[in-house]
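I open this notebook page to record what I looked up, beginning with a pair of helices and then turning to a pocket.

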Amino acid sequence: TDGEGLPVASLPRSGWNYILINQKNLLPSSFSVNLTKVENGYQVDERISESLTQMIEDARAAGVDPIICSAYRTMEKQTTLFNNQVAKYRGQGYGTEEAEEKAAFWVARPGTSEHHTGLAVDLVARSYQMLDKEQENTPEQKWLMENCHRYGFILRYPTDKSEITGIGYEPWHYRY
């Protein structure tokens, strides 16, 4: 079952919120998204803004203070982030191809990032804004990991799924 008692086979498998984007499934060139602004000027797909806002408000009402540190990204922004990560590995002595492979484990290649869809947000504790494994120990992440499903979100890159996702553990990356 899906945790709510519904047989998994009966769950819908298509629709705007089921778009699969990863290293093997590039964003279709025909893709478009209607964006709306949320907290701190970040943008998300307008269809998730109410759920995201409610989740953040409920977290704050519960005594924790998550903030958005990334949401929708353009191809240009993703290209910059990816190239910066490649440059980091090149600076450590890796060749271009190996540097790109290592970088892609931590930063999605342009055209393969869930952030392009407007359905992914990075949420961190206001009191600890580092994007590292320690983020999982914040009260904010503990609350989000326990409650995000109630708002339609999942922790997309859990610690034990890197072999499947091809992405390193990100205890801050939530996908609608």
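Entry one, the helix pair. Working from a predicted model, I looked up the axes of helix H2 (residues 75-91) and helix H3 (residues 96-106), which come within 8 Å and cross at roughly 125 degrees. Since an angle between 115 and 145 degrees is neither roughly perpendicular nor roughly antiparallel, I noted H2 and H3 as therefore oblique to each other. I also noted that the crossing in which H2 passes H3 is right-handed.

Next I listed the contact itself, where Phe82, Gln85, Val86, Tyr89 and Arg90 of H2 meet Thr96, Ala99, Glu100, Lys102, Ala103, Ala104 and Trp106 of H3. Sorted by class, this contact of H2 with H3 holds seven nonpolar, two polar and three charged residues.

I then turned to the second largest pocket, for which I recorded a volume of about 450 Å³. Its lining counts 27 residues, and those nearest the centre are Arg73, Trp106, Val107, Glu170 and Trp172. Two or more lining residues come from each of strand S3 (66-70), H2, strand S5 (154-157) and strand S6 (170-175).

Definitions and conventions:
Residues numbered from 1 in each chain as written. Predicted model: local features only at pLDDT ≥ 70, side-chain atom pairs only at ≥ 80, totals over all residues. Heavy atoms only, no water. Axes fitted to C-alpha atoms, helices over the stretch in contact; angles between N-to-C directions. Helix = DSSP H or I, 4+ residues; strand = E, 2+ residues; numbered from the N terminus. Parallel < 35°, antiparallel > 145°, perpendicular 65-115°, else oblique. Left-handed = near helix turned anticlockwise from the far one by under 90°. Contact = heavy atoms within 4.5 Å. Nonpolar A, V, L, I, M, F, W, Y, C, P; charged D, E, K, R; others polar. 1 Å grid on protein atoms, 1.4 Å probe; cavity = no way out; pocket = protein on both sides within 12 Å on 5 of 7 lines; lining within 4 Å. Points joined across faces, edges and corners; volume = space filled by probe spheres on them.
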